[in-house]
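This report describes a single protein chain for a reader who has not seen it before. The sequence and the model are shown first, and the description follows.

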Amino acid sequence: MTLRYFDSGIGGANDCLGRWLDDELVDGIREFRGQFGFFDVSALRKYLPTLQGMVDNGGTFRLVIGANNGDPASTTDVNALLPLVTGGGDARLALVALSNALFHPKTLHLVRADDSAVGVVGSANLTGKGLGHNVEAGIVIEASDANHDALTAIAAAIDY
């Protein structure tokens, strides 16, 4: 297992979640899981063809996003994801609204084509600004297979 810290406040635009996604969300990816308090489709728009191909090829897609008071995902943002989750395959989208708190996690879990797994726990939401405009930080966890305890826990929390 390897750990890496990224921080756009120190490393700038080359050290952010958006750059990491550019490197990781490529053809051949087998699984994508994420949970975020805030979402807008601008964060995933350029990756949608890759994610659709993943689902079409039997991959797993799970996205849990907050429907938080004050800044919920828009109908347009959610509708942009519907082709991923309505065309068959192993794809799910969930919106979470809590009456007494914000839904506010920021975690990702991916399984690559070679069965290695990677996860991110950080401060960035899955929004255009969260991927490269705001100052954000996070920890990247990599393992040679998807059965690493921390990565399994991230995937299970998102699936839950």
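## Burial and surface

Of the 160 residues of the protein chain, 47% are buried, where buried means under 20% relative accessible area, exposed means over 50%, and partly exposed lies in between (1.4 Å probe, protein chains only). The chain exposes about 7800 Å², and carbon and sulfur atoms supply 51% of that area. Accessible areas come from the Shrake-Rupley method with a 1.4 Å probe, and for residues only the protein chains shown count as cover.

The model is predicted: local features need pLDDT of at least 70, side-chain atom pairs count only at pLDDT 80 or more, and totals for chains, interfaces and linings use all residues. Residues are numbered from 1 along each chain as its sequence is written, and side-chain values use heavy atoms, with hydrogens and water left out.

## Fold and dimensions

The protein chain has 6 helices and 7 strands. Helices (H or I, at least four residues) and strands (E, at least two) are DSSP runs, numbered from the N terminus. Starting at the N terminus, the order of elements is β-α-α-β-α-β-α-β-β-β-α-β-α. The radius of gyration of the protein chain is 15 Å, close to the 15 Å given by the globule rule for 160 residues, so the chain is as compact as a globular protein of that length. This radius is taken over C-alpha atoms, and the rule is 2.2 Å times the number of residues to the power 0.38.

The C-alpha trace spans about 40 × 40 × 30 Å along its principal axes. Among contacts in the protein chain with a separation of 6 or more, 73% come from residues 24 or more positions apart; a contact means heavy atoms within 4.5 Å.

## Charges

The protein chain carries 11 positive and 19 negative charges, and their mean positions are 3 Å apart. Lys and Arg count as positive and Asp and Glu as negative, while His and the chain ends are not counted. The place of a charge is NZ of Lys, CZ of Arg, CG of Asp or CD of Glu.

Side chains of opposite charge can pair when their charged atoms come close. The structure holds 9 salt bridges, each being a side-chain nitrogen of Lys or Arg within 4 Å of a carboxyl oxygen of Asp or Glu.

Glu 24 and Arg 112 form a salt bridge through their side chains (2.8 Å, N to O). Glu 24 is in helix 2 (residues 17–24) and Arg 112 in the loop between strand 5 (106–111) and strand 6 (117–122), 88 residues apart. Both Glu 24 and Arg 112 are buried.

Arg 30 pairs with Asp 115, their closest N and O atoms being 1.8 Å apart. Arg 30 is partly exposed at 35% relative accessibility, and Asp 115 is partly exposed at 38%. Asp 115 also has a positive phi of about 70°, although it is not a glycine.

## A network of salt bridges

Asp 90 and Arg 62 form a salt bridge with their closest N and O atoms 2.8 Å apart. Asp 90 lies in strand 4 (residues 90–96) and Arg 62 in strand 3 (residues 60–66), so the pair ties together parts that are 28 residues apart in sequence. Asp 90 is partly exposed, with a relative accessible area of 29%, whereas Arg 62 is buried at 8%.

Salt bridges link Asp 90 and Arg 62 in a network with Glu 31, Arg 33 and Asp 159.
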